[in-house]
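Here are my notes on the model. They are in numbered points, for reading beside the coordinates.

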Amino acid sequence: MNDGSGLRVKCLGLTGYAPVLEAMQFFTATRDAQTPDEIWLLEHPPIFTLGLAGNPVHLLQNPGGIPLTRIDRGGQITYHGPGQLVAYLLVDLARRRVKVREFVHLMEEAVIATLAGYGLQGERKRGAPGVYVDGAKIGALGLRVKNARTYHGLSLNVDVDLTPFSWINPCGYEGLKSTRLADFGIHDGVDAVGSHLLGHFQRLLPPLAVTMMETA
């Protein structure tokens, strides 16, 4: 699906982590100046992921035997599982004339706007990227930028099992609590929440530079 602004959307459902990571890396390495940006919406089977500089000490226990994989994004450890919306953002920042810090702010703002649509007040925390409700983390961010092109993205807890978050220091923060939309009586599934998030992301994403649009 293409929304008319140079952004293609793929809804991948429940998909294993490794093939999606490989596909993101391949897409980013082989795209050119005319390749449309893409956003992939999906869920993952249970997995812990650890960023490039992440410390495995933040995996406190693992009674469920959930796989742990080190990956090429920033940040520490996080958990992905069914019931969590994952949005991978494959965006050419140079074409859209947006800086990395601005893009991270945009990602957080899209999550905050999605939460507001459900009557929840999402907040940022200084020095701790992500989105929080009542002090508990509901949305996580992890990005990689190569040649001004992004991959990886964000996750939003919809109705995911929160137990594995208690086995880690989420994003490296000891005692950080996690929460989900279901805890606030919100019964929309991942697909419905993803549709809302996508709409806000499309609204907030700066348009392609005119010169790029003319040559596409």
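Where is the place of Ala148? Ala148 sits in the loop between S9 and S10. Points on the rest follow.

1. Basis. This is a predicted model, in which local features need pLDDT of at least 70 and side-chain atom pairs count only at pLDDT 80 or more, while totals for chains, interfaces and linings use all residues. Residues are numbered from 1 along each chain as its sequence is written, and side-chain values use heavy atoms, with hydrogens and water left out.

2. Confidence. pLDDT is the predictor's confidence in each residue, from 0 to 100. The protein has a mean pLDDT of 93, and 94% of its residues reach 70 or more. Residues 211-216 have pLDDT below 50. Beyond near neighbours in sequence, that stretch has six contacts in the model (contact: heavy atoms within 4.5 Å).

3. Sheet. Helices (H or I, at least four residues) and strands (E, at least two) are DSSP runs, numbered from the N terminus. Two strands pair if DSSP finds at least two bridges between them. Seven strands make an open, mixed sheet in the order S1-S2-S6-S10-S9-S8-S7. S1 (7-14) and S7 (123-125) are the edge strands; each has a single partner strand, so one side of each lacks a neighbour in the sheet. On average, neighbouring strands are turned by 20° against each other, direction ignored. Axes are lines fitted to C-alpha atoms, for helices over the stretch in contact, and angles run from 0 to 180 degrees between N-to-C directions.

4. Strand S2. S2 (residues 37-43) pairs with S6 (residues 84-90) in the antiparallel sense, over five bridges. Leu42 stands opposite Val86 in S6. With S1 the pairing of S2 is parallel, over seven bridges. There, Leu7 has Asp37 as its bridge partner. Seven of the seven residues of S2 are buried, so S2 is largely enclosed by the rest of the structure (buried: under 20% relative accessible area; exposed: over 50%; partly exposed: in between; 1.4 Å probe, protein chains only). Asp37, Ile39, Leu41 and Glu43 point one way from S2. Glu38, Trp40 and Leu42 point the other way.

5. Helices on the sheet. Helix H4 (residues 190-204) lies across S1, S2, S6 and S10. H4 runs at about 30° to S6.

6. Cores. A nonpolar core is a set of buried Ala, Val, Leu, Ile, Met, Phe, Trp, Tyr and Cys residues joined through side-chain atoms within 4.5 Å. The largest one has 34 residues, and Ile39, Leu89, Phe103, Leu115 and Phe201 touch the most other members. S1, S2, S6, H3 (100-117), S8 (128-133), S9 (136-146), S10 and H4 each supply at least two residues of this core. H3 gives the largest share, seven residues. A second, separate core of 13 residues includes Val20, Met24, Phe27 and Ile47.

7. Leu89. This residue is found in strand S6. Leu89 counts as buried, at 0% relative accessibility. Leaving aside neighbours within four places in sequence, its contacts include Ile39, Phe103, Met107, Leu154 and Phe201. Leu89 and Asp37 are 52 residues apart along the chain, and their C-alpha atoms are separated by 8.0 Å.

8. Leu154. Leu154 lies in strand S10. Leu154 is buried, with a relative accessible area of 4%. Beyond neighbours within four places in sequence, Leu154 contacts residues including Leu85, Val86, Met107, Val111 and Leu197.

9. Backbone check. Most residues other than glycine have a negative phi. Ala148 is not a glycine, yet has a positive phi of about 65°. Ala148 is partly exposed, with a relative accessible area of 29%. His152 also has a positive phi, near 65°. His152 is found in strand S10, and is buried at a relative accessible area of 2%.

10. Cysteines. How many disulfides does the model have? The count comes to zero, where a disulfide is a pair of cysteine sulfur atoms within 2.5 Å. Cys11 counts as exposed, at 60% relative accessibility. Cys171 is buried, with a relative accessible area of 18%.
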